[in-house]
Amino acid sequence: MTQRVTGTGATDHGGGVWSVAVPIPDNPLGHTLVYVLDTDRGPVLVDTGWDDPAGWDVLVAGLAACGTEVAAVHGVLLTHHHPDHHGLSARVRAASGAWLAMHEADAHVVRRTREYPMERWFGYLVDKLTAAGAPAEHVAPLAAARDAGRVPGLAARLPALPDRPIPPGELLDLPGRRLRAIWTPGHTPGHVCLHLEEEHPARLPGRGRLFSGDHLLPGITPHIGLYEDPDDRTVTDPLGDYLDSLERVGRLGVAEVLPAHQHAFAHAHGRVRKLLAHHEERLAGLLALLAEERTPWQLAERMEWNRPWADIPSGSRTIAVSEAEAHLRRLVKQGRAQAVPGSDPVAYVAV
Ligand SMILES: [Zn+2]
Ligand SMILES: [Zn+2]
């Protein structure tokens, strides 16, 4: 393909697009690919990377390797609110005066994270996990955090408030470029992909390039859990949203995908089909487990993860249960499973 590494840590993707691999400390993902998009008003970043001194240095050096500097950054487009994407945003804005843009649904999550009292958040988690059948020893530390009103060791730094929304479906106001926001909820409620509707610089067949964030990655299945909004009782269906978003992105027929982790790749359609098949398989596996009545926790214990359940630490188990619940929601919505009336904690069974 058309990539070549330019000196210190930037990759030239051609056509005024570069990427800088900003490290994520102590994380098997390794790094976030921050994209630099040249516009007539200066460089625009897609995501910023994890907030860490080493990551900042890599970003600064990477921008220099692209022939620009942090102070020149015109704006930042955020695919979603997660800290490996939005972490350095405040620092970039302080150094450049750049605007930060994010889809409204994820901006809502940022506002909530900034304003929500810790004890209410942990109270929500305790209630939710108890209702899902989590054992007392799993819930106890969360209840202790709720009662203490704080979490030892948790970073005090709050995520930056975005300055403007990313309106879905619209061409963004980027002089000299044709970039359209595609709302792809699922991984988060306000995740967006950004479609660069310009001919591929190496004339790969297809329609332009897609900055895919965490929505479409070459070798990783993104986490799909519940949206976890303590104030919103709407029964959302994040996995349904994700599968729907995947199909829409597959239909774009892009020539190349520029994801936020791993590496750029062509053949988006094949990758979409693989992910759709993966989730269908997971749903079928879950349905087989629901031959017997089981709580979300009991399902999570029996589902397949990247390691045995006994080796999964407590925090990751909470995430795993959320993922099990997202798959359950889908089965219920499809009429393939239902809650057992009167069960507490709530158990589910195949229909
Ligand atoms: Zn993410
Ligand atoms: Zn990510």
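Modeller: This is a predicted model, and I begin with its overall division: the centres of domain 1 and domain 2, taken over C-alpha atoms, are separated by 31 Å. The contact draws nine residues from domain 1 and nine residues from domain 2.

Biologist: Which residues belong to domain 1 and which to domain 2?

Modeller: The domain assignment gives 4-108 + 160-272 to domain 1 and 289-350 to domain 2.

Biologist: Let us turn to the sheet. What is the order of the strands in the open sheet of four strands?

Modeller: The order is β9-β10-β11-β12, and the pairing is mixed. The strands at the edges are β9 (179-183) and β12, each of which pairs on one side only, and neighbouring strands of the sheet are turned by 25° against each other on average, direction ignored.

Biologist: Why is β10 called largely enclosed by the rest of the structure?

Modeller: Because five of the five residues of β10 are buried, the strand is largely enclosed by the rest of the structure. Val 192, Leu 194 and Leu 196 point one way, Cys 193 and His 195 point the other way, and all are buried.

Biologist: How do you know that both faces of β11 are covered?

Modeller: Five of the five residues of β11 are buried, and they are found on both sides of the strand: Arg 209, Phe 211 and Gly 213 lie on one side, with Leu 210 and Ser 212 on the other.

Biologist: What kind of unit do β11, α7 and β12 make?

Modeller: They make a right-handed β-α-β unit, where "right-handed" says that, with the strands pointing away from the viewer, the path from the first strand over the helix to the second runs clockwise.

Biologist: What span does helix α4 reach, and what covers its buried residues?

Modeller: Helix α4 (residues 104-115) has 12 residues and reaches 16 Å from its first C-alpha to its last, close to the 16 Å expected at 1.5 Å a residue. In this helix Ala 105, Asp 106, Ala 107, Val 109 and Val 110 are buried, and what covers the buried residues of α4 includes β7 (99-102) and β8 (164-165).

Biologist: Why does His 261 count as buried?

Modeller: His 261 has 21 C-beta neighbours inside 10 Å, and a residue is called buried at 20 or more; therefore His 261 counts as buried. Its place is in the loop between β12 (256-259) and α8 (268-289). Leaving aside neighbours within four places in sequence, His 261 is in contact with Leu 29, Thr 32, Leu 33, Leu 217 and Ile 220. The C-alpha atoms of His 261 and Val 22, although 239 residues apart along the chain, are separated by 9.9 Å.

Biologist: And why is Val 349 called partly exposed?

Modeller: Val 349 has 14 C-beta neighbours inside 10 Å, whereas a residue is exposed at 12 or fewer and buried at 20 or more, so Val 349 counts as partly exposed. Val 349 lies in strand β14 (residues 348-350) and, not counting residues up to four places away in sequence, touches Leu 290, Glu 293, Ala 337, Gln 338 and Val 340.

Conventions. Residues are numbered from 1 along each chain as its sequence is written. Chains are lettered from A and ligands numbered from 1 in the order in which they are written. This is a predicted model: local features need pLDDT of at least 70, side-chain atom pairs count only at pLDDT 80 or more; totals for chains, interfaces and linings use all residues. Helices (H or I, at least four residues) and strands (E, at least two) are DSSP runs, numbered from the N terminus. Two residues are in contact if their C-beta atoms, placed from the backbone, lie within 7 Å. Two strands pair if DSSP finds at least two bridges between them. Axes are lines fitted to C-alpha atoms, for helices over the stretch in contact, and angles run from 0 to 180 degrees between N-to-C directions. Domain bounds come from an automatic or database domain assignment. The expected span of a helix is 1.5 Å times one less than its number of residues.
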